[in-house]
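Could you walk me through a protein model, one question at a time? I am new to this and would like to see where each answer comes from.

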Amino acid sequence: MNIRVINKEDWAIYRDLRLMSLQDSPDSFGSRFEQESLFSRDEWVTRLNPDNRAKYALPLIAELNGVAIGLAWGLLHNPQDKTAHIYQMWVSPDVRGQGVGSLLLKNIIAWAKDSDLDYISLAVTTINKQAVKLYESYGFEPYGPLEKLREASMISVQPMKLKLCATAA
Ligand SMILES: CC(C)(COP(=O)(O)OP(=O)(O)OC[C@H]1O[C@@H](n2cnc3c(N)ncnc32)[C@H](O)[C@@H]1OP(=O)(O)O)[C@@H](O)C(=O)NCCC(=O)NCCS
């Protein structure tokens with residue numbers, strides 16, 4: 001199994017993974033398959049283009065025997081707040097429970113530490129016990145009030161945070 005950073009040349013692999021994830025796990029993500037399946041080639045490329053996307057990003061895929069089976073992004077929206085965010089975490093159902101999600105997470109944590117950041121934050125639905133357990137095993141803790149997954153959604157999302165640096169506020 002191989003974890004690697006993807007770039008704009010990988011846009012079709014990224015598109016296929018992302019659309020698979022939205023189809024497979026509609027209750028895990030704020031965005032919807034119906035929205036993102038309408039994206040043009042340029043929109044996918046732009047997300048992966050370092051000139052256009054947020055300045056600091058770590059888009060990762062996991063590959064098994066050359067087949068893409070997992071996806072996760074680390075993203076730093078604002079270098080001043082020293083907090084990276086994790087988005088789009090997904091592992092193909094046939095290889096879950098074998099440490100792929102854990103490895104993606106480990107890579108993002110290492111990147112955030114190397115970037116001298118103080119925190120990593122993410123949001124996970126309260127019904128997603130597997131994901132919550134995985135994040136807790138790395139030391140993520142709930143913070144802030146529950147939010148709605150989407151407007152008018154009955155599903156709640158819990159923000160979670162991992163403190164990377166003992167001296168962080
Ligand atoms: C959440 C998600 C990404 C986790 O991915 P995963 O690859 O299954 O996660 P891991 O395998 O690393 O860890 C999950 C479990 O496998 C166990 N595991 C880890 N390495 C293992 C190994 N080598 N052999 C067997 N089990 C292993 C972990 O201990 C954990 O088990 P536990 O629940 O008993 O503690 C995946 O379930 C998923 O894609 N869900 C749908 C989308 C989603 O919810 N995304 C999160 C949005 S916030």
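This is a predicted model: local features need pLDDT of at least 70, side-chain atom pairs count only at pLDDT 80 or more; totals for chains, interfaces and linings use all residues.

Residues are numbered from 1 along each chain as its sequence is written, and side-chain values use heavy atoms, leaving out hydrogens and water.

Reader: How many helices and strands does the protein chain have?
Author: Helices (H or I, at least four residues) and strands (E, at least two) are DSSP runs, numbered from the N terminus. From that end, the elements run β-α-α-α-β-β-β-α-β-α-β-β-β. The count is 5 helices and 8 strands.

Reader: What share of the 169 residues is buried?
Author: Buried means under 20% relative accessible area, exposed over 50% and partly exposed in between, with a 1.4 Å probe and protein chains only. Of the 169 residues in the protein chain, the buried share is 44%.

Reader: Which residues of H1 are buried?
Author: Helix H1 covers residues 11–24. An α-helix has 3.6 residues a turn, so residues three or four places apart point the same way. In H1, the buried residues are Trp11, Tyr14, Leu17, Arg18, Leu19, Ser21 and Leu22.

Reader: Which elements do the buried residues of H1 pack against?
Author: Good one to look up in the structure! Contact means heavy atoms within 4.5 Å. The buried residues of H1 pack against helices H2 (33–36) and H3 (41–48), and strands S2 (56–64), S3 (67–76) and S4 (83–91).

Notes
The expected span of a helix is 1.5 Å times one less than its number of residues.
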